[in-house]
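The sequence and structure are shown first.

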Amino acid sequence: MSLYCSHWFLPGCTSTQSISFSPNVNYAVSIDKKHIDAVRSDTNDVTIFQNETAVGFLRIEPVPDDVSSASEFLDTLRSITDKNGVKTEAMQLPTGFSGFAARNPGHPTGYVTHDENADSILVISFPDALFDEISGTVSPGI
């Protein structure tokens with residue numbers, strides 16, 4: 001995982017209003033620094049904390065070997081989600097990315113694929129108040 005940050009977060013970083021997380025080379029997401037006071041990073045998983053409470057996460061899920069594409073994987077996930085009665089909708093993502101959001105009450109989860117590098121998907125989960133803001137910052141990773 002790569003991390004860009006402001007000087008208050010880690011010494012030696014440039015001053016910015018947001019922190020960019022790149023859990024792998026296909027994906028990056030920026031989060032306004034006012035929403036973060038701690039981060040826990042595990043393999044393929046970044047958990048964001050505010051006021052010592054986990055508020056959201058970014059996770060990389062590899063596309064299973066028995067699935068032909070990330071798009072097929074997303075279609076399967078969306079079908080399962082719909083069958084379980086959770087409302088889904090297409091996400092508004094930057095060019096080059098596609099995905100859907102499962103609108104769990106109060107805490108939606110997004111499933112995103114990079115159109116050119118589709119060996120994994122990015123899973124994003126944050127409270128309603130932050131979800132669209134954060135998911136709108138999806139970009140290629142570093």
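## Fold and basis of the model

Along the sequence, the chain follows the pattern β-β-β-β-β-β-α-β-β-β-β-α. Its secondary structure comes to 2 helices and 10 strands; helices (H or I, at least four residues) and strands (E, at least two) are DSSP runs, numbered from the N terminus.

This is a predicted model, in which local features need pLDDT of at least 70 and side-chain atom pairs count only at pLDDT 80 or more, while totals for chains, interfaces and linings use all residues. Residues are numbered from 1 along each chain as its sequence is written, and side-chain values use heavy atoms, with hydrogens and water left out.

## Surface and burial

The accessible surface of the chain comes to about 7,400 Å², computed by the Shrake-Rupley method with a 1.4 Å probe; for residues, only the protein chains shown count as cover. Carbon and sulfur atoms account for 49% of this surface.

Of the 142 residues in the chain, 42% are buried. Buried means under 20% relative accessible area, exposed over 50%, and partly exposed in between (1.4 Å probe, protein chains only). Among contacts (heavy atoms within 4.5 Å) between residues at least 6 apart in sequence, 40% join residues at least 24 apart.

## Nonpolar cores

A nonpolar core is a set of buried Ala, Val, Leu, Ile, Met, Phe, Trp, Tyr and Cys residues joined through side-chain atoms within 4.5 Å. The largest such core has 23 residues, of which V112, L122 and I124 touch the most other members. Elements that each supply at least two residues of this core include β2 (18–24), β6 (53–62), β10 (120–125) and α2 (128–135).

Leaving aside neighbours within four places in sequence, V112 is in contact with residues including Y27, L74, M91, F97, L122 and V138. A second, separate core of 10 residues includes V67, A70, A102 and I121.

## Salt bridges

The whole structure contains 5 salt bridges, each defined as a side-chain nitrogen of Lys or Arg within 4 Å of a carboxyl oxygen of Asp or Glu. K87 pairs with E89, the closest N and O atoms being 3.7 Å apart. K87 is exposed, with a relative accessible area of 55%, whereas E89 is partly exposed at 24%.

R103 and E89 also form a salt bridge (3.0 Å, N to O). R103 lies in the loop between β8 and β9 (109–114) and E89 in strand β7 (residues 88–90), so the pair ties together parts that are 14 residues apart in sequence. D132 and R103 form another salt bridge (3.1 Å, N to O), linking helix α2 with the loop between β8 and β9, 29 residues apart. Through shared partners, salt bridges join K87, E89, R103 and D132 into one network.
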